[in-house]
Amino acid sequence: MQQRKLERFQKRIGYVFKNPRLAEEALLHPSYAKQMGLENNNQRLEFLGDAVLSAVLAEALFKTYPDEREGFLARAKSALGKGTFLAEIATKRKFKDFVFVSKKEREVDGHKRESTLEDALESLIGAIFLDSDYEATRAVVLEWLGKLDKTLKSVLQEDNPKGRLQELFPPSSNDLEYVIDKTKGDAHERIYYMSVSINGKVMGTGKGPSKKKAEEEAASNALRKMKL
């Protein structure tokens, strides 16, 4: 990435990298890596970033809402970690101007696709974590979120089927389970097929360009089946 472009990107995200290569890797869509014959893309960083984001959200919600029960916290965490919301954060910071996608992907606006932006954001969180530490990463993420209670109120107003299921069947009950049934397509065009089980019985299935999308559709179908 050219120095001037890197500086613009860092200004957008509110963080300056010690190791700029991590920033570049976070923006490497699998399609671009394949086109250029590169070994690395942003999927490993996405895996790490997803876990770090989960910890940041859990801690922030735990401290912000000391009187709320587990069901509410689980629903809130699910809503703030939803792909649509993460893509909105990336869109506001114009990730589409910085993410590297293949020529074919760019021709079909793949650099603007919700799943591409969501993955890039989570990858970036992983990159910041490796470049600094948990505290610095948490500060950046919380800055993106803004005032947590106000942001959460807005996000919860949107439909959140996965969060509603978690509120009905909290994680500690072990009654709710999401399973990847199969996947189709190459890494950059993969479709996930998921099912959600309640007490060992499959109640809904779904598919989507990311696990989160497939889980949301499965949860929505489960709620519909239960007439909730």
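**View 1. Contacts of Glu118 in the predicted model.** In this predicted model, Glu118 touches Gly83, Leu86, Ala87, Ser210 and Lys212, leaving aside residues up to four places away in sequence. Glu118 belongs to helix H8, which spans residues 114-131. With a relative accessible area of 2%, Glu118 is buried, because a residue counts as buried when this value is under 20%.

**View 2. The crossing of helices H5 and H11.** Two packed helices are described by the angle between their axes and the distance between the axes. Here the axes of helix H5 (residues 70-80) and helix H11 (residues 161-168) come within 8 Å and cross at roughly 165°. H5 is therefore roughly antiparallel to H11, as angles over 145 degrees are classed in this way. The crossing of H5 and H11 is right-handed. On the H5 side, the contact is made by Gly71, Phe72, Ala74, Arg75 and Ser78, and on the H11 side by Lys162, Gly163, Arg164, Gln166 and Glu167. Sorted by class, the residues in the contact of H5 with H11 are two nonpolar, four polar and four charged.

**View 3. Nonpolar cores and the surroundings of Trp144.** The largest nonpolar core has 46 residues, and Phe17, Phe95, Leu124 and Trp144 have the most contacts inside it. Among the elements that give two or more residues to this core are helix H1 (3-13), helix H4 (43-64), H5, H8 and helix H9 (134-145). Trp144 touches Ile13, Ile89, Arg93, Leu121, Leu124, Ile125 and Ile128, not counting residues up to four places away in sequence. A second, separate core has 14 residues, including Phe169, Leu176, Tyr178 and Ala218.

Notes:
Residues numbered from 1 in each chain as written. Predicted model: local features only at pLDDT ≥ 70, side-chain atom pairs only at ≥ 80, totals over all residues. Heavy atoms only, no water. Helix = DSSP H or I, 4+ residues; strand = E, 2+ residues; numbered from the N terminus. Buried < 20%, exposed > 50% of the residue type's maximum accessible area, 1.4 Å probe, protein only. Contact = heavy atoms within 4.5 Å. Axes fitted to C-alpha atoms, helices over the stretch in contact; angles between N-to-C directions. Parallel < 35°, antiparallel > 145°, perpendicular 65-115°, else oblique. Left-handed = near helix turned anticlockwise from the far one by under 90°. Nonpolar A, V, L, I, M, F, W, Y, C, P; charged D, E, K, R; others polar. Core = buried A, V, L, I, M, F, W, Y, C linked by side-chain atoms within 4.5 Å.
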